[in-house]
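Trainee: I'm new to this one, and I'd like to know what stands behind each label. Can we go through it together?

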Amino acid sequence: MSRIKNLIAEPATTALDWKKTDVGSVFVSNYPPYSFWQDDTSERVMGTLEESGDPETPLGLYLHIPFCRKRCKFCYFRVYTDKNARDIDRYLEALAQEIGRYAPYERFRGRPLDFVYFGGGTPSYISVKHLKNLVARAKAAFPWDQAREVAFECEPGTLSQSKLEAIREIGVTRLSLGVENLNDAILQENGRAHLSKEIHEVVPWVKALDFPEFNVDLISGMVGETWETWFETVERTVEMDADTVTIYQMELPFNTTYSKALLEENGSDVPNVADWETKRAWQDYAIERFLEADYEVSSYNTLTKRDLPTSFVYREALWRGADMIGTGVASISHIGGVHYQNKTGWEDYLGDLEEGRLPFGRGFIPTRGELMIREMILQLKLGNIRPSYFSDKFGVDVLKNYRTTYSSLEDDGMLSIEEDRIQLSRRGMLRVDQLLPRFYDVNYRNSRYT
Ligand code: SF4
């Protein structure tokens with residue numbers, strides 16, 4: 001265990017460190033937080049679509065495939081495990097129509113897609129026939145031949161060699177495999193639909209197809225994790241030789257099976273989730289091990305094979321203010337500085353499209369200052385920011401405006417301030433989501449995202 005001791009020899013914890021993993025997500029994916037979004041923004045969204053767009057702003061398309069074989073006990077996404085073939089046909093028809101409805105708007109004229117993201121849920125759940133049909137319809141509305149990235153999320157147990165070939169054929173450049181852990185007891189306990197056998201089966205197929213980028217997702221702190229199981233998962237993942245590895249820290253957003261059991265404090269599903277310090281120590285160990293195996297840190301939670309020309313365009317563009325059309329139930333769009341979400345109910349979403357309307361739900365019209373904060377906090381998750389980017393784009397000196405916050409984070413060893421560069425330390429990266437609310441407007445502090 002001396003190996004462990006060395007790795008968790010961080011400076012003493014500060015008031016910034018949370019101990020217990022409570023119910024409520026700390027993961028920062030947008031700003032201002034969703035709990036401040038409102039239901040009456042549809043007209044404003046429509047107005048934004050009808051205005052012309054900035055050809056210099058990258059444009060992306062997100063397609064939400066909300067089906068999974070089984071619901072993971074830590075999952076809070078809008079997913080369905082009970083839909084039959086007719087339901088899936090109906091959903092995919094609505095999704096294709098939704099994409100088609102966006103195409104004529106002035107906002108998108110003359111703007112080829114820069115990135116495409118198939119997320120979920122489980123995009124790899126749908127059949128090859130469904131996938132090819134969806135892609136043909138989507139491309140007829142928004143061709144993606146010039147896109148820098150087409151990303152696709154997969155659950156190992158839904159893949160076959162022929163399905164992977166079809167995924168490659170539609171132009172996917174970044175295939176992401178939701179491995180999460182390689183211990184069967186942990187996968188089962190946490191309600192994952194796949195076991196390690198399926199992971200080991202599909203990895204050689206993925207590699208044989210030579211996707212430009214192959215990413216593996218892991219979660220540090222799944223229920224049942226110990227140092228021994230984590231060592232094993234990290235070792236087996238190193239052997240997979242993926243191009244990038246993304247490591248999330250386990251959270252307990254509201255509405256997950258685990259969170260409900262915890263809040264009710266009954267039933268056999270009350271989870272024993274590792275505390276934040278342990279989850280950080282596990283992530284820290286994994287980072288060290290991947291660095292040894294010739295990876296380098298490319299964001300707070302991503303490691304990339306050294307010298308590989310990879311970049312996660314979806315994330316990097318979105319966090320620098322790209323426009324993205326989010327299609328599918330509950331999907332989120334960012335267009336012309338306006339944020340909005342599609343209706344979150346199955347019938348509400350489908351009904352709107354079947355009656356010829358875009359399915360707008362809640363939204364938020366941020367001020368320019370809020371857009372600046374959004375970009376600053378999201379880019380900090382990449383590991384560093386350049387103050388000159390913010391003075392050029394927003395006319396704001398972030399070091400001056402947030403002097404006290406940056407100084408105290410520097411004093412706590414979370415970051416260093418160099419010439420035109422604010423660089424998060426490892427210590428800062430391991431707890432970045434917990435640090436970012438310090439930059440929020442006072443009205444938005446103390447809100448959890450989900
Ligand atoms: S596979 Fe992903 S989206 Fe599906 S239930 Fe599990 S965590 Fe949720």
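**The chain as a whole**

Mentor: Let's start with contacts: in the protein chain, residues 24 or more positions apart account for 75% of the contacts with a separation of 6 or more. Two residues are in contact if their C-beta atoms, placed from the backbone, lie within 7 Å. Keep in mind that this is a predicted model, where local features need pLDDT of at least 70, side-chain atom pairs count only at pLDDT 80 or more, and totals for chains, interfaces and linings use all residues. Residues are numbered from 1 along each chain as its sequence is written.

Trainee: How many helices and strands does the protein chain have, and what counts as one?

Mentor: The secondary structure comes to 18 helices and 15 strands. Helices (H or I, at least four residues) and strands (E, at least two) are DSSP runs, numbered from the N terminus.

Trainee: What makes the chain as compact as a globular protein of its length?

Mentor: Compare two values. The radius of gyration is 21 Å, close to the 22 Å that the globule rule gives for 450 residues, so the chain is as compact as a globular protein of that length. The radius is taken over C-alpha atoms, and the rule is 2.2 Å times the number of residues to the power 0.38. Those C-alpha atoms fill a box of roughly 60 × 55 × 50 Å along the principal axes.

Trainee: Why is E180 called buried?

Mentor: A residue is buried if 20 or more other C-beta atoms lie within 10 Å of its own, exposed if 12 or fewer, and partly exposed in between, with C-beta atoms placed from the backbone. E180 has 24 other C-beta atoms within 10 Å, so E180 is buried. By that cut-off, 43% of the 450 residues of the chain count as buried.

Trainee: And D307, buried or exposed?

Mentor: Exposed, because D307 has 8 C-beta neighbours inside 10 Å. D307 sits in the loop between β8 (302–305) and α11 (313–318), while E180 lies in strand β4 (residues 174–180).

Trainee: What makes I365 partly exposed?

Mentor: I365 has 15 other C-beta atoms within 10 Å, which means partly exposed. I365 is in the loop between β12 (360–364) and α13. Not counting residues up to four places away in sequence, I365 touches T41, R44 and V338.

**Helix, strands and ligand**

Trainee: How do you know that the span of helix α13 agrees with its length?

Mentor: The expected span is 1.5 Å times one less than the number of residues. For the 13 residues of α13 (residues 368–380) that should be 18 Å, and the end C-alpha atoms are 18 Å apart, so the two agree. The buried residues of α13, including M372 and L380, pack against β13 (384–385), α14 (387–394), α15 (398–401), β15 (421–424) and α18 (432–435).

Trainee: What makes β13 an edge strand?

Mentor: The open sheet here has 3 strands in the order β13-β15-β14, with antiparallel pairing. The edge strands, β13 and β14 (415–418), each pair on one side only. Two strands pair if DSSP finds at least two bridges between them; β13 and β15 are joined by 2 bridges. In that pair, N384 stands opposite Q423.

Trainee: Why is β9 said to be mostly covered?

Mentor: In β9 (residues 323–327), 5 of its 5 residues are buried. On one side those are D323, I325 and T327, and on the other M324 and G326. Strand β1 (residues 59–65) runs parallel to β9, joined by 5 bridges, and L59 has D323 as its bridge partner.

Trainee: Which residues are around the ligand?

Mentor: Among them are C68, R71, F77, G120, G121 and E155; a residue is near a molecule if its C-beta atom, placed from the backbone, lies within 6 Å of it. The shell divides into 5 nonpolar, 4 polar and 2 charged residues. Here Ala, Val, Leu, Ile, Met, Phe, Trp, Tyr, Cys and Pro count as nonpolar, Asp, Glu, Lys and Arg as charged, and the others, Gly among them, as polar.
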